[in-house]
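My notes follow, entry by entry.

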Amino acid sequence: MFKHILLPTDGSELSLRAVDMGIGIAVRHGASVFALHVIKPPPGVQHLSDMLVLPEDERTLKITRKATSYLDEVRQRAEAARVECHSAYEFDLRPYMAIVAAARKQQCDLIVMGSHGRTGLDRLRLGSQASKLLVSTDVPVLICR
């Protein structure tokens, strides 16, 4: 049923539970996975996020190393389950839009991601990437809590 599953991760325990669920689905369906980490651009260059090319300064190196470590964790889990895994990180102010774009580009037929379950003022203030994703894509989305 599923052939290529997108696994967005922010490195949190909750997103890693979703990663494990996505890998489990991949095992059952003989699918591959694509891990994605979205990095919000530094505040000084947010207005240029669509054309962003960051210099290799220390801050950028630090956040890309962190992104790489998150993606390495997903790759290790996929490898342990004998699931083919590719990965990438992207810079975007709107993580849900980067996820939609990656699902389209990678031709994913399922997105499995965690939801932090924010409610009330936190949800209004911080927004819900999962909620925004649900209304922005035609790819099926499995939200894990």
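**Salt bridge notes**

I began with Arg77 and Asp20, whose side chains meet in a salt bridge at 2.7 Å, N to O. Arg77 sits in helix α2 (residues 58–80) and Asp20 in helix α1 (residues 13–29), so this pair ties together parts that are 57 residues apart in sequence. For the record, I took a salt bridge as a side-chain nitrogen of Lys or Arg within 4 Å of a carboxyl oxygen of Asp or Glu. Helices are DSSP runs (H or I, at least four residues), numbered from the N terminus.

This is a predicted model, where local features need pLDDT of at least 70 and side-chain atom pairs count only at pLDDT 80 or more, while totals for chains, interfaces and linings use all residues. Residues are numbered from 1 along each chain as its sequence is written, and side-chain values use heavy atoms, with hydrogens and water left out.

Next I checked accessibility (buried is under 20% relative accessible area, exposed over 50%, partly exposed in between; 1.4 Å probe, protein chains only). Arg77 is partly exposed at 26%, and Asp20 is partly exposed at 38%.

Then I turned to Glu73, which forms a salt bridge with Arg77, closest N and O atoms 2.7 Å apart. The two lie 4 residues apart in helix α2, about one helical turn. Glu73 is partly exposed, at 26%.

My last pair was Asp92 with Arg94, a salt bridge with its closest N and O atoms 3.7 Å apart. Asp92 counts as buried at 12%, whereas Arg94 is partly exposed at 38%. Shared partners join Asp20, Glu73 and Arg77 into one network of salt bridges.
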